[in-house]
Structure formats: C-alpha cells, structure tokens
Amino acid sequence: MGFSLAWAATAAKGFPGPRVNDEHSYLLGAETFAKGRLTNPPHPMARYFETFHVLQHPTYTSKYPPANALVIAAGWAVSGRPIVGVWLSFAFMGVACYWMFRAWLGNRWGLAVGVANTVWIGLSEAMSYWGTSYWGGALAAGAGALVMGALYRIVQRQAKASAGVALGVGLLLLANTRPFEGLLLALPAAFALLGWWRRTIRVNRGEVLRVAVPLTVIMAVGFAAMGTYNSAVTGSWRKMPYSAYQEARDPIPVFLWQQAAPMPTATNVSFEKFVTWEDSVYRSSRTPAGRFSYVRRVVRDYFGHLVPEAALFPLVLLPWTLRKRWTRFAIGVIVLSCVGMGLTTWFQIHYGAPMLGLALVVYGECLRKMARLRLGTQPVGAALSAAALLFWMLAGAMSFIQTTPRSSSYWSASGDWPTQRQLIADTLTRTAPRSLAIVRYGPNHKYASEWVYNAADIDAAPMVWARDFGDAGNAPLLAYFKSRAVWIVDVNGESGPFRVTRYSPP
C-alpha cells in the first residue's frame, strides 16, 4: 500500500527530479553505492565541481549518513530508477509503523491508525515529499517505529528474538539517517531497556539472553560497518563525512552552544552567498525571537501536519490518556526530542521523523478513549472515532486530487529551473555525447538554485557540470576535458531564459 501511494503521489507531481541541494547529495551517495563503491576518489579538477553538501576531499561523495542513499541505491539497482528506492523506504515506514501500533494500540486500532497515517503522509501535499523526494524522512520514521515497537514488546515481556533484531536494526538505521534526533529517541529507550534487564535477569536469564544476543551481534556488526565506511570516506573510523564537510566547507555550527568557525577560503560566489545566508540564520537563531520562531515552526510545520485539523478533535481527551504509563512515556520522549531539536540551528519537518510513531500512538490512545464515550445510554464514541479516521484519510485524498505538477509546493517552490537543467543536459548530450557545461551565474542568481552537481564517476559521465572561473581560470579544466564539447550556460534567475552557447575561449 505504501509503495503504491508513493508512486501515485510522485506521478501526480509529474515525476520531478531532484530540486533541493540535499537531494543531489543523496543521489550522489546512492549512485556510488549502486556502482559497488563506498566512496569515489577525489577528482583532480575538484575546484570546478565544488558544491553544497558534497565532500570533495579526501574523497568525493555525499556528506550525509549512508542509510537513505543505500535504500535509494537498492531501488536504483533493481529497477534502473532511483525514485523506486524512495518508494521502498516509504513502504518500509508504513509496515514498521503498523508493527509498532499493533503492540501499543492493539490489532484493530493499530491497523486503523497505520492505514490512515500511510494514506495521509503518502498523499498530502505537506508531507508527501517523504515518499516523493530524495531527502524525505520515511526511513528515519520507520526506524523509530522499529525501536519503539521492539521496546514495548520487550518490556511487556512479549519478546522473541525477533524483537532484539528489530531493535538493533532500528537503532542502526537511526544512527545512519538522523543521528542526533535518533539519539534523543534511543536514550530513553535505553533507560527503559536497562530497567527491564535489571528486573528480569534475576528471574529469567533466558529471556534476557534471547533479546540481548541478537541485539549485541547486530549492533557490533553495524558499528564495525559504520567505522569501515567512515574510514573509507574520511580516513578515520571516528570521523563521519558530515563532520569532514563541516570542517572543510561549512563554518556554521549545528548546535546553539557552538561558535562559528572562521570562514573558509571562498572558491566561488555561490558559496559566498550560501555561507552568508547560513550566518544570518545562525545569528538569528541565537536570539529570543529566533528561538520563538523555531518553536513555532516545530509546532506548526511538524505537529500541525501529522494529522489534519479536521481530525484533531479526539485530542481533547488527552488528559484522560495520561493514566496509562506508556502514554506518559511516549509524551516524555516527544518532549525530550523537541527540547533537543530546539538546541540546533536548523529545522525541517523530516528532522522529527524518528518520533512520528510515538506522536501517532498518543493520538491513537485518544481515538481509543473516544470510542468508549457514551451519551446517556447511547454509544456515540465509536462514530466520533470513525469520523476522525475518515476525515484523516479524506484530507489526504482531497490533497492528492487537487495536486497537479504545477500546483504542488514541492514542484513550484524554486521555479522551473530543475526541469530546464535536465532538458539542457539531454539536448546537449544528443548534440555531443560527451559534453562539458560551464555554468556562468548572473547577478540575479539565487544560491539555492544550484546547477553544478555531477555523477559519481565524473570522467565517464556524458554530461559534466562545472563552475566558471573566467577564461584564464578555465584553462586547466579545458585542457583536462579537451575531448569534450564545451558549452557556456548563462543562469541569471530561476525562471530563465537560460542561454546556451558554444564556449570559444580567446
């Protein structure tokens, strides 16, 4: 079901390609894995290919943790299209959330909340980018659901060895998708698991071993793999690619208590504009007004989009659900996650993906409590709960029906330049199968609309995109790619026209 909904939502948006800088980086990582490599050697002309969120030295690859790229690579290898990997991650999220909800809410309510959630996230304009773009949060949401579903079964003494496996896999996926937000989820889970271990080890050592052995093996193998990957990319098993990129290209700290590093040596105007914007966000986020704006975004953009407004009325019964220990635990973890995310500079909806399952469990408890309401002798609660679920799914369906390629916020947020970029690439490679496009930005170009992204194997790619350093500065690049047809692409704004001419250096 999740796979089909993600496909339908992508089709409704016109199968858009990568539009956000982060997506290009994830695709670079996915292509690298699909080719059977952990990373790529640094390119001798790396100066011309410098771009956002891509590590150029000591190796050439994405700065992001590898799990999302690995799933995209799997879909790419199987089908020939990277977007299939995104649909697979969305399907995984739906299955993992249902598995968690079954434990926390029971079979009937777990199924109801799981189906409604998949329909809503899969089809709603605000959330469907989790299943239609390359930077969505579906994999991290599924990982969080695995952790919490396994934790509930273990502590409630319903565990089999499979719960230890699920817990280990979920923790590793969190560490390799959203490491910080995953840690905020993993810490309270670890304390709950420790309490269970201390209570159980004295009376049933076999039960503890049934969970601990697969969990330990999976975590050991996973951390060894993470160290191997880090060592291949950065040269140190302890240094993640993200950290290496921050040191080399991004002076803006992630956490509020960190100080900004000295500005790196500017290599191009786009990086200057990008770092200047980041610096303005950094300074604003450390003011009271900036923190208030951050909290408002978390409430409005994250919690405001988990369930549509028309279906929120069961939350009036939230105080009555607090009698249940697990509901209090879920709310506590959500509060901890929100406080922790409030200590960072940046926020996007998918940053909160790991706590999706817990938030919906709280909502599901309210639904279940409402279903028991009676008005005198009349059982009205079941109809109200059914109405909430119906509104939840209908809101997603209506959003899908109203979505067109041009009306979707994801499609139209940054103009039509990604489509034009792909069209230019296709046209030039038909004209000359091995082409080099040197991008020359005009004064109206916005840094976020970045054209210079390349394949994992740059030299073998039909199309290579490079930055313009002037006629004299471009000479080494032209000498290196002397067998390619060379073009100048003038970009001044996001809507074009984009002028393409043969490059004729003096």
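This is a predicted model: local features need pLDDT of at least 70, side-chain atom pairs count only at pLDDT 80 or more; totals for chains, interfaces and linings use all residues.
## Briefing: cores, spaces and a few local details

Histidine 53 is found in the loop between H2 and E1, where helices (H or I, at least four residues) and strands (E, at least two) are DSSP runs numbered from the N terminus. Residues are numbered from 1 along each chain as its sequence is written, and side-chain values use heavy atoms, with hydrogens and water left out.

**Around strand E1**

- Histidine 53 has a phi near 65°, a positive value in a residue other than glycine.
- With a relative accessible area of 8%, histidine 53 is buried (buried means under 20% relative accessible area, exposed over 50%, partly exposed in between, with a 1.4 Å probe and protein chains only).
- Leucine 55 belongs to strand E1 (residues 54-55) and is buried too, at a relative accessible area of 1%.
- Contacts of leucine 55 (heavy atoms within 4.5 Å) include Val233, Pro241, Ala244 and Tyr245, leaving aside residues up to four places away in sequence.
- The C-alpha atoms of leucine 55 and tyrosine 242 are separated by 8.4 Å, although the two residues are 187 residues apart along the chain.
- Histidine 57 and proline 58 are joined by a cis peptide bond with omega of about 5°, and proline 58 sits in the loop between E1 and strand E2 (61-62).

**Nonpolar cores**

- The largest nonpolar core has 126 residues, and Trp104, Trp130, Leu356 and Trp392 have the most contacts inside it; such a core is a set of buried Ala, Val, Leu, Ile, Met, Phe, Trp, Tyr and Cys residues joined through side-chain atoms within 4.5 Å.
- Helix H7 (residues 138-155) supplies the largest share of this core, 14 residues.
- Apart from this core lies another, of 16 residues, among them Trp417, Ala437, Met463 and Trp465.

**Helix H5**

- Helix H5 (residues 107-123) has 17 residues and reaches 24 Å from its first C-alpha to its last, close to the 24 Å expected at 1.5 Å a residue; the expected span is 1.5 Å times one less than the number of residues.
- Twelve of the 17 residues of H5 are buried, so the helix is largely enclosed by the rest of the structure.
- The buried residues of H5, including Trp109, Val113 and Trp120, pack against helices such as H4 (83-105), H13 (288-306) and H17 (381-402).

**Cavities and pockets**

- On a 1 Å grid over the protein atoms alone, a cavity is a set of points where a 1.4 Å probe fits but cannot get out, while a pocket is an open set with protein on both sides within 12 Å along at least five of seven lines; lining residues have an atom within 4 Å of a point.
- Points are joined across faces, edges and corners, and a volume is the space filled by probe spheres set on them.
- Residues lining the largest cavity include Tyr26, Trp135, Arg178 and His350.
- The second largest pocket has about 890 Å³ of space and 32 lining residues, of which Pro18, His24, Leu27, Arg421 and Gln422 lie nearest its centre.
- Helix H19 gives the most to the lining of the second largest pocket, with eight residues.
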